[in-house]
Amino acid sequence: MQEVLDRVDNLVHPETQVREHGIDLTVSAIHEVTGPGRIDFGGDELAEADLEPHELTRRNPDDEYQWWHLDAGTYVLQYNELVTGDEHARLLLQPRNKLMARGASHPTVTVGGHLPLVPLTVGGAGIEIKENARVSTVVPVEAGPSVGDAPDDAVDADIVE
């Protein structure tokens, strides 16, 4: 766990974010994709998608923090925290259960020397996310599942001969 703590900077509230198995990451911005990106075989025609910040609103005039009101769709998530260190030392970034239980998720990815922008998928009736909400967790790669951990007979359990 110390290896994760040594690599994550700019924590909003360490007492809440640092947990036994990993570190919760907080949302700093949510973007809408407003124009297509491009990806090709060789990378010569690679182009970023156009992103626009999604609007924030206050639920009450006295609120210190604002909320993103997201309809069903796909957005791009940006974090407050920074990951530093060796590009070859990998961490596992995964959505928090509380995010998934409310109908939103993002892919689980390995992270090297920096945190990427992550696609956020929102289903159903949408979701409301408050500024600095804990939406993801970063853990040591060893904490995640490994192909070698499954018994040989479990790998083909769904195959009917």
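## Strands around S2

Strands S2 and S3 run antiparallel to each other and are joined by four bridges. In this pairing, Glu 32 faces Glu 52 of S3. Keep in mind as you look around that the model is predicted.

Strand S2 covers residues 23-35, and four bridges also link it to strand S13 (residues 134-140), again in an antiparallel arrangement. Here Ile 23 sits opposite Val 138 in S13. A further antiparallel partner of S2 is strand S6 (residues 73-79), with four bridges between them. To find this pairing on your screen, look for Ala 29, which stands opposite Gln 78 in S6.

## A three-stranded open sheet

Elsewhere, three strands make an open sheet in the order S4-S5-S12, with antiparallel pairing. Its edges are strand S4 (56-57) and strand S12 (127-130), each of which pairs on one side only. Strand S5 (residues 67-70) is connected to S12 by four bridges, and His 69 lies across from Glu 128 in S12.

## Salt bridges

The structure has four salt bridges. Asp 24 is buried, because its relative accessibility is 0%, whereas Arg 19 is partly exposed at 30%. Asp 24 also forms a salt bridge with Arg 96, at 3.5 Å, N to O. Arg 96 lies in the loop between strand S8 (91-95) and helix H3 (97-100), while Asp 24 belongs to strand S2, so this contact ties together parts that are 72 residues apart in sequence. Both Arg 96 and Asp 24 are buried.

Another salt bridge joins the side chains of Arg 90 and Glu 87, at 3.4 Å, N to O. Both ends are partly exposed: Arg 90 has a relative accessibility of 34%, and Glu 87 has 42%. Through shared partners, salt bridges connect Arg 19, Asp 24, Arg 96 and Arg 134 into one network.

## Surface patch and rings

Which residues form a nonpolar patch on the surface? They are Val 33, Leu 51 and Leu 117, which together have about 240 Å² of accessible area. Leu 51 is part of strand S3 (residues 50-53) and is partly exposed, with a relative accessible area of 31%.

For the aromatic rings, the count of pairs comes to zero. There is still a ring contact to look at: Arg 59 lies over the face of Trp 67, at 4.6 Å from the ring centre.

How values were computed: Residues numbered from 1 in each chain as written. Predicted model: local features only at pLDDT ≥ 70, side-chain atom pairs only at ≥ 80, totals over all residues. Heavy atoms only, no water. Phe/Tyr/Trp six-rings, centres within 6.5 Å; stacked < 30°, edge-to-face > 60°. Lys NZ or Arg CZ within 6 Å of the ring centre and 35° of its normal. Patch = residues over 30% accessible without salt bridge, like charges linked within 9 Å, V, L, I, M, F, W, Y side chains within 5 Å. Areas by Shrake-Rupley, 256 points an atom, 1.4 Å probe, with all protein chains shown as cover. Helix = DSSP H or I, 4+ residues; strand = E, 2+ residues; numbered from the N terminus. Buried < 20%, exposed > 50% of the residue type's maximum accessible area, 1.4 Å probe, protein only. Pairing = 2+ DSSP bridges.
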